[in-house]
Amino acid sequence: MKFPKALEKGNRFLSIVSGVLIFAISFLAVIEVISRNIFHNPTIWTADMCYYLLIWAIFLGAGFAFQEHGHVRVDLVLNLMKRRLRRVISAISYCFAIFFCTILGIY
């Protein structure tokens, strides 16, 4: 599937932002370990901040993963099918994914 250049550049930028967020999560985890084990004074905010940053990193990187066909899927059975049937099944699975994401977004 070919994407517009602007969308590809946007996804690439968001994947870099996602990587920076994952680096920030690692940095915060190190701060928490040092604070807890060396100073015996754990922070109350790093775990929650790591949770939120991880959620943002996942959602921001998902578009780039889709663009690069990086999502995990079981394709053993799919590879045994003819090309036309594979496309139909892929389209149906994308419709289910859009439906699920819509429901998730509403609630």
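This note walks through a predicted model, helix by helix and contact by contact.

1. **Ground rules.** The model is predicted, so local features need pLDDT of at least 70 and side-chain atom pairs count only at pLDDT 80 or more, while totals for chains, interfaces and linings use all residues. Residues are numbered from 1 along each chain as its sequence is written, and side-chain values use heavy atoms, with hydrogens and water left out.

2. **Helix H1.** Start with H1, residues 5-37. Helices here are DSSP runs (H or I, at least four residues; strands are E, at least two), numbered from the N terminus. H1 has 33 residues. From first C-alpha to last, H1 reaches 48 Å, close to the 48 Å expected at 1.5 Å a residue. The expected span is 1.5 Å times one less than the number of residues.

3. **The buried face of H1.** Buried means under 20% relative accessible area, exposed means over 50%, and partly exposed lies in between (1.4 Å probe, protein chains only). The buried residues of H1 are Glu 8, Asn 11, Ser 15, Ser 18, Leu 21, Ile 25, Leu 28, Glu 32 and Ser 35. They pack against helix H2 (46-67). Contact means heavy atoms within 4.5 Å.

4. **Ser 18.** This residue sits in H1. Its relative accessible area is 8%, so Ser 18 is buried. Setting aside neighbours within four places in sequence, Ser 18 is in contact with Ala 57, Leu 60 and Gly 61. A polar atom of the Ser 18 side chain lies 2.7 Å from the backbone oxygen of Ala 57. For reference, a polar contact is a pair of N or O atoms within 3.5 Å; within protein, one must be able to donate a hydrogen and the other to accept it, and residues adjacent in sequence count only if both atoms are side-chain atoms.

5. **Glu 8.** Glu 8 is also found in helix H1. It is buried, at 18% relative accessible area. Not counting residues up to four places away in sequence, Glu 8 touches Lys 2, Phe 3 and Gln 67.

6. **Salt bridges.** Side chains of opposite charge can pair when their charged atoms come close. The rule used is a side-chain nitrogen of Lys or Arg within 4 Å of a carboxyl oxygen of Asp or Glu. By this rule the count is two. Arg 12 forms a salt bridge with Glu 68, and the closest N and O atoms are 4.0 Å apart. Arg 12 lies in helix H1 and Glu 68 in the loop between H2 and helix H3 (83-106), so the pair ties together parts 56 residues apart in sequence. Arg 12 is partly exposed at 43% relative accessibility. Glu 68 is partly exposed at 42%.

7. Glu 32 forms a salt bridge with Arg 36, with the closest N and O atoms 2.8 Å apart. Both residues lie in helix H1, four residues apart, about one turn of the helix. Glu 32 counts as buried at 12% relative accessibility. Arg 36 is partly exposed, at 44%.

8. **A nonpolar surface patch.** Tyr 52, Ile 55, Trp 56, Phe 59, Phe 100 and Leu 104 form a nonpolar patch on the surface. Together they have about 750 Å² of accessible area. Patches take residues with over 30% relative accessible area and no salt bridge; like charges are joined within 9 Å, nonpolar side chains (Val, Leu, Ile, Met, Phe, Trp, Tyr) within 5 Å. Areas come from the Shrake-Rupley method with a 1.4 Å probe; for residues, only the protein chains shown count as cover. H2 gives the largest share of the patch, four residues. Phe 100 lies in helix H3. At 53% relative accessible area, Phe 100 is exposed.

9. **The loop between H1 and H2.** His 40 is found here. Its phi is near 55°, a positive value in a residue other than glycine. Most residues other than glycine have a negative phi. His 40 counts as exposed, at 66% relative accessibility. Ile 44 lies in the loop between H1 and H2 too. Ile 44 is exposed, at 78%. Ile 44 and Ser 90 are 46 residues apart in sequence and 44 Å apart in space, C-alpha to C-alpha.

10. **The loop between H2 and H3.** Leu 76 has its place here. Leu 76 is exposed, with a relative accessible area of 63%. C-alpha to C-alpha, Leu 76 and Ser 18 are 30 Å apart in space, and they are 58 residues apart in sequence.
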